Amino acid sequence: MKMETNSYVVLLIVYMLVLICRIEGSNNGTISAVIAFGDSILDTGNNNNLKTMSKCNYMPYGRDFPGGLPTGRFGNGKVFSDLMAEGLGVKELLPAYLDPNLQDEDLPTGVCFASGGTGFDPITSGIQNVIPPSQQLDNFKEYLSRLQNCVGKDRADEIIANAQFLISFGNNDLAITYFGTHLRLTQDIPAYTSQLVSMASTFVNDIYALGARRIGFLGTLPLGCLPSATGRLMCLENVNEAAQLFNSKLSSEMTNLNQNLNGAKIFYIDVYTPLLEIIRDPPKSGFLVANVGCCCQGLMSCPLPETNVFWDYGHPSEKAYKIIISQLLQNSASNFS
C-alpha cells in the first residue's frame, strides 16, 4: 500500500509539472516566447559560473534591477533582451539558460543563451573564455529537448515557430578582436566584415533548421563612441565606419535570407542609429553625459545612472535601452506582429 501511495504521489507531481508547463506555454499574443543568442547586449547571466573576466555578477551592477541584485546582466538594470520580452508582452525578465535556478515553467516563454564577450570569430570567445555561437546552439538543442519533455513535441514546435528570436554578434569581433589585436594589420575591414556576415548567415540558417521562424538580428552599437573607445567628446570615426559597413552588409543578408527561407520573418534591428542620435544630443533624451560610463567595472558607485547614456565602458544604461526599444517597437511594429 505504501509503495502504491508513493507511486501515486510521484505521478501527481509529474502531472502537475506538465500542467504548469502547458499553462505557462499558452500566450494570448502572436509571440509565444523570446529566445536570445549573442553577446553582452542580450546576456542575462550565462557567464556567472564561467572562469572569465567577462562577468558582472557583483555590485554595483544590477543596482536598479528588481531587488537591487547583481544577476550577471551587463547594466544597472534590465538589459535589451529583458526589455524586448517585456515590450512584446511575453514576460518581464528573460532568464539565463545556464542559471542553476531556472525552472521548467520558465522554458515555454523563452530563455537567453547569450554570453558577454563572445562573437563569431573563434578568437573573440577564446580571448575571454566565454561561450561561442556553436556552444550556444548546442545549449539551444538541449533546451528544445527539455521543452518537448515539458509540453510535448507538437506544442514545443508551435512555441518555437512563434517565438521571437533575438541575435547580437559582431560587437566584440570588431571592437576587441579586430581593433584590439594584430588582426587589423593582416586583414582589411571589408574582408573581415564579409567573413562575419557569412557566419551570421550560417547561424540564422542553423536556427531556422531547428524551427526558428521569427528572427531579428541586431546590428552593432556605434562602437567608436563607446566609453571604452574614447573618453573624449569625439568618436573614433574609423571604428564607427567599420561598424556601419558590417551593419550594412548584415542588413542586406537578413533581407536576402528573409526572401529565400520559406515561412520565415527575418529582419535587421538597427540599434546603431538610435543610440548614436542619443549620444550626439544627450539632453534631448534626458541625459547629461554621453562619453563616460557611469560605472567602470564596479569601481565606481555611480549615484545617478539616469544621467548617463552608458552604464559602464561599453553598455548602455537601462534608460537608454528603454528609449531605443520604445522607438523600435513603434517604428518597426510590423516586424513583431
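I took contact to mean heavy atoms within 4.5 Å. I worked on a predicted model, where local features need pLDDT of at least 70, side-chain atom pairs count only at pLDDT 80 or more, and totals for chains, interfaces and linings use all residues. Residues are numbered from 1 along each chain as its sequence is written, and side-chain values use heavy atoms, with hydrogens and water left out.

Entry: whole chain. I looked up helices (DSSP runs of H or I, at least four residues) and strands (E, at least two), numbered from the N terminus. The protein chain has eleven helices and four strands. Of its 337 residues, 52% are buried, meaning under 20% relative accessible area with a 1.4 Å probe, protein chains only.

Entry: sheet. I counted two strands as paired if DSSP finds at least two bridges between them. The four strands form an open sheet in the order 1-2-3-4, with parallel pairing. Strand 1 (34-38) and strand 4 are at the edges with a single partner strand each, so one side of each has no neighbour in the sheet. Strand 1 pairs with strand 2 (residues 164-168) in the parallel sense over five bridges. I found Phe-37 opposite Ile-167 in strand 2.

Entry: helix 11. Helix 11 (residues 318-331) has 14 residues and reaches 20 Å from first C-alpha to last, close to the 20 Å expected at 1.5 Å a residue; the expected span is 1.5 Å times one less than the number of residues. Its buried residues include Glu-318, Tyr-321 and Leu-328. I checked what the buried residues of helix 11 pack against: helix 2 (80-87), strand 4 (265-269) and helix 10 (272-280).

Methods: Buried < 20%, exposed > 50% of the residue type's maximum accessible area, 1.4 Å probe, protein only.
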